[in-house]
Every structure is written in structure tokens, then in C-alpha cells.
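Thanks, everyone. Please have the sequence and the model open. I'll go through a few spots, one by one.

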Amino acid sequence: ADIHFLIHKAGRIYPYFLPAFALEFLVKEGVSKVSLFQTLRDLIQSVWTLSFLYMIGLPDVGFMGVVWYISSMLLCMAVLYPFLYCNKELYLRVIAPVTALFSYVWMDSYTGGNGLGVGAVREWVGICYLGTVRALGGISLGGIIWSAVEYLRRIRIRGKTIRLFLTGVECLGYTVAIYACYGPVSGKLTYAILAVLAGSLVLTGAGCTYSAKLTGGFLPRYLGRLSISVYLFQLSAIFIIWYLASEMKWIPYRYESMLPWYLTLDLLIAVMMDQLINRLFLKHCLS
């Protein structure tokens, strides 16, 4: 069951991941003007990235940097899923909280009190990389959030006033988390932001706020699917905008000038590739 679950999980990501890797690889190799031999060598040395085994620690060129989380996520799921499969209640009530606490304390100790850490994701922290510990904590926290959502769903929240209040709290939490992303977040502040975001996610998942009216229909499902492409194609957009600003001088080489261009380009690429991938993938599946 564990192997089938991991294959299914990786299989849902790979149709989006492969084009994202190809685009980033071609853009970076093309801009760098490397030889054909070096290009083939870089492609061969990217085997661990392409197989989602990047965070095991085997040598790799380092294309598609965002793959670290996918790799760490699958590694952690291989360890955690059997516990969830065998005893859901034990996992949600005991294993997930203990694992989350252990992971964040572990990261905090290795980063000198910097919370989620400011070091490289492939920084060795004893028995694995820092990114894997971070993914372990995040997945376990997700289990805690889901457990809280299930509990809150059993409570019948009535009255427009309380629902309006909870909606305000929910939106405030998301606003604080998004605003914090505009600057460096380190130290114990990371835990505070994480707790605020988790609280808003619990309220959203439980459906006890007015945002529950937005959860159905095509648009939420489409945005959920689109988020995969936005995440995977982000480095291609970053590299293109950096090149246009630093080498071509088409854009002012300033963070505040480059950010809107990057966000727009990432979304544009994500929308186009999402449509292309789904048309080709669905056509292949149906044929």
C-alpha cells in the first residue's frame, strides 16, 4: 500500500514536473551558452532530480531547485504513511504532534534559534538534510490541522455574528502570513507566523466561516491544480526576469521592480503550461 501510494502521489506531480524541468534546463543552458557535451553531461547528472531522489544526498547538478520539497515530501511520506494507514487515530492524535514538535525543535537547535532555519535545504543535520526535517514537520503539522478541522466540524457554529467574527480572524491570519513574506522571517517569529497560518487553515477547512461559500465549483478546483504549475515553473520565471534585468537591462535591477514582472511571468507560464499539459495528458489517457 505504501509503494502504491507513493507512486500515485509522484504520478500526479510528474506530468507537470517534467515540462517544468525541461523549460528551466533549456533556459539556463541556453543563456549560459554551454557546449553540447556539457549540456548532455548536465542532463545525465540530473538523474536524481528527475527521479525525485534529490534529497537522499546523491551528487546532482542542481537544476530545478524546488524539487527539494517534492523529494523530501515523498521520503517523509514513505515513513509516515504506514502509521496513518494502520491506525489513523493514533497517527493524528499522537504521532503527528510528537513528530511536528520533534522536527521543529531539531531544526531550531541546528539553526541556532532561527526557527524554520535560514540554512541550505541540503545542509546535513545528523541523519538527513535540513529540508527533509522541514518537510517532516510540515507534513506532521498538516495532520494536526486536519485533526483540528475534523473536531471543529463536529461543533455546530450558529449565528451570523460568530461566523462573521471567525471570518475576520481567518482573513486576518492569511493577511499577516502574506505580509510577513515581503520581508525576512527568522527566529521565533517563524513559529508565530506558522501558528497564525495554521489557525486560518483550520477555520477554512472546517467550513465555519463565510469563505466556505467559495470552496465549491470550478474556480477553486482549477486554482488548486494551477498551484502545482505556479510552484514548479517559478524558477524559470525568476531566471528569465533576472537575465532581462541584469544582462539585457530591459528591467531595472531592483527587487521592487523585478517582483511584479516575476509574478506576472510565473502566472502566465503556469496558466499556459497547465492548459497544454492537461490537454495532452487527458488526450493521452482517453485515447
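Start with Glu24. Glu24 is buried, because its relative accessible area is 1%, and the cut-off for buried is under 20%. A word of care before I go on: this is a predicted model.

What does Glu24 form with Lys28? A salt bridge, with the closest N and O atoms 2.9 Å apart. Both residues sit in helix α1, which covers residues 2–32. They are four residues apart, so about one helical turn separates them.

How many salt bridges does the structure hold? Four. I'll show you two others.

Take Asp274 next. Asp274 pairs with Arg225 in a salt bridge, and the closest N and O atoms are 2.6 Å apart. This pair links distant parts of the chain. Asp274 is in helix α11, while Arg225 is in helix α9, residues 218–232. Is Asp274 buried or exposed? Buried, because its relative accessibility is 0%. Arg225 is partly exposed, at 28% relative accessible area.

Stay in helix α11, residues 255–286, for Met273. Which residues does Met273 touch, leaving out those up to four places away in sequence? Pro19 and Phe233. Look at Pro19. Met273 and Pro19 are 254 residues apart along the chain, yet 8.1 Å separates their C-alpha atoms.

Now over to helix α5, residues 88–110. Here is another salt bridge: Glu89 with Arg93, the closest N and O atoms 3.2 Å apart. Both lie in α5, four residues apart, or about one turn of the helix. Glu89 is partly exposed, at 42% relative accessibility. Arg93 is partly exposed too, with a relative accessible area of 39%.

Helix α5 also carries Leu90. Leu90 is partly exposed, at 39% relative accessible area. Together with Val94 and Val98, Leu90 forms a nonpolar patch on the surface. The accessible area of the three together is about 240 Å².

Last stop: helix α4, residues 67–86, against α5. Their axes come within 5 Å and cross at roughly 120 degrees. How does that angle class them? The perpendicular range is 65 to 115 degrees, and α4 and α5 are therefore oblique to each other. Which residues meet there? From α4, Leu80, Phe83, Leu84 and Cys86. From α5, Lys88, Tyr91 and Ile95.

That's my tour. Over to you.

Methods
Residues are numbered from 1 along each chain as its sequence is written. This is a predicted model: local features need pLDDT of at least 70, side-chain atom pairs count only at pLDDT 80 or more; totals for chains, interfaces and linings use all residues. Side-chain values use heavy atoms; hydrogens and water are left out. Patches are made of residues with over 30% relative accessible area and no salt bridge: like charges are joined within 9 Å, nonpolar side chains (Val, Leu, Ile, Met, Phe, Trp, Tyr) within 5 Å. Accessible areas come from the Shrake-Rupley method with a 1.4 Å probe; for residues, only the protein chains shown count as cover. A salt bridge is a side-chain nitrogen of Lys or Arg within 4 Å of a carboxyl oxygen of Asp or Glu. Helices (H or I, at least four residues) and strands (E, at least two) are DSSP runs, numbered from the N terminus. Buried means under 20% relative accessible area, exposed over 50%, partly exposed in between (1.4 Å probe, protein chains only). Axes are lines fitted to C-alpha atoms, for helices over the stretch in contact, and angles run from 0 to 180 degrees between N-to-C directions. Angles under 35 degrees count as roughly parallel, over 145 as roughly antiparallel, 65 to 115 as roughly perpendicular and the rest as oblique. Contact means heavy atoms within 4.5 Å.
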